[in-house]
Amino acid sequence: MGVRLEAPVQRHWSTQEVGQQRALAYWVDTVCDQFLELEIDTPVRNRFHASLDQIDLGPATANFLEADTQLVRRTSAKIARMRTPMFILMQLRLGEVRFRQLGREVCIGTGECVFVDGTEPYELECLSLTKAVALRLPADWLSGWVAQPERHAGRLFSARGWSSALCAFVAGLDLNTCDQLALPPDALAEPIATLLKMAIGPEHEPSSQQPILFTRLMCMLQSRLQDSDLSPLTVATELGISTRTVHYAFARAGTTFVQRLMELRLGRARDLLRNGRLFDLPVTEVAARCGFADPSHFARRFRRRFGLSPLQFRTSVTRAKH
């Protein structure tokens, strides 16, 4: 007789278990306790719905998430409370999602996967009802497969080569079939790690500290966007390096200090303008919070980047929500 494999234990949480007034608070508490310490907000608090189903796959944990429109942030304060460093491989199954981490921004399509570094700040913007599976991978275990997983934060995997195989494997993980697996749940983690390594491809040791330096520079820029006088000199002084080293780090990344700073500032301004809780915030204050000392300069730059003035952009977002 064949040996019957033990079905994985499924855990389930849903905002339907509480009243609508407590839905968002319940969801935040659940995500922080069971998945990852995050800040979460939504423009649809009066009708917010979300659910989480969780299954252990050996060292990995599969989290099946469904939620209405929400903005998710992993902040430095939340990271400081982390007990076990981890990475996340997230696959979108329904919805439209934008992901930002360490200066990288990607739009995730249905069926695509994004690699997330849980030890660094990030932002996940879910623009509509979203369904996804997030595989939580402990850092100490994953490092046995991927030499430097932190170098791949924000990387998107789609329908090309081994990335396609990775996405297809993750897509095959389903709540309704996990109890009918031909292998014990513990055995599923290794194929995931193997396919992730194949999708990443050969890993070369960095010839210098430049990639690490660029990451530090991007983190500093993101945390200092409100400083209108931020310059290569001030950044170099704070990091104890030369301005030439700063310029060289950005050049190796195919950009410049000024270009990347402007992209980050305009991105932050866009996020503030479409935040429903900040619709009463004057555009001049938005400009100031993003490091623009001159509101007219901000307006010109914003229009050039997004095709609308800041006020027109906010108005279009307001109409879309009603």
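**Where helices cross and pack**

Guide: Helix 9 (residues 257-273) packs against helix 11 (residues 295-306) at an angle of about 90°, their axes 11 Å apart (axes are fitted to C-alpha atoms, angles run from 0 to 180 degrees between N-to-C directions; helices are DSSP runs of at least four residues, strands of at least two). So helix 9 is roughly perpendicular to helix 11 (65 to 115 degrees). Keep in mind that this is a predicted model, with local features needing pLDDT of at least 70 and side-chain atom pairs 80 or more. Residues are numbered from 1 along each chain, and side-chain values use heavy atoms, without hydrogens or water.

Who touches whom? From helix 9, Met262, Leu266, Ala269, Arg270 and Leu273 meet His297, Phe298, Arg301, Phe302, Arg305 and Phe306 of helix 11 (heavy atoms within 4.5 Å). Sorted by class, that contact holds seven nonpolar, one polar and three charged residues.

Now hop over to helix 4 (residues 161-171), whose buried residues are Ser163, Leu166, Cys167 and Val170 (under 20% relative accessible area). They span an arc of only 95° around the axis, so they sit on the same side of helix 4. Their cover includes strand 6 (86-94), strand 9 (113-117), strand 11 (130-138), strand 12 (156-157) and helix 5 (189-200).

Those strands lead us to an open, antiparallel sheet of seven strands, ordered 1-3-4-11-6-9-12. Strand 1 (10-14) and strand 12 are its edges, each pairing on one side only (pairing takes at least two DSSP bridges). Helix 4 packs on this sheet, and its direction makes about 80° with that of strand 6. Inside the sheet, seven bridges join strand 4 (residues 60-67) to strand 11, and Phe64 has Val133 as its bridge partner in strand 11.

Definitions and conventions. Parallel < 35°, antiparallel > 145°, perpendicular 65-115°, else oblique. Nonpolar A, V, L, I, M, F, W, Y, C, P; charged D, E, K, R; others polar. Buried < 20%, exposed > 50% of the residue type's maximum accessible area, 1.4 Å probe, protein only. Arc of directions from axis to C-beta.
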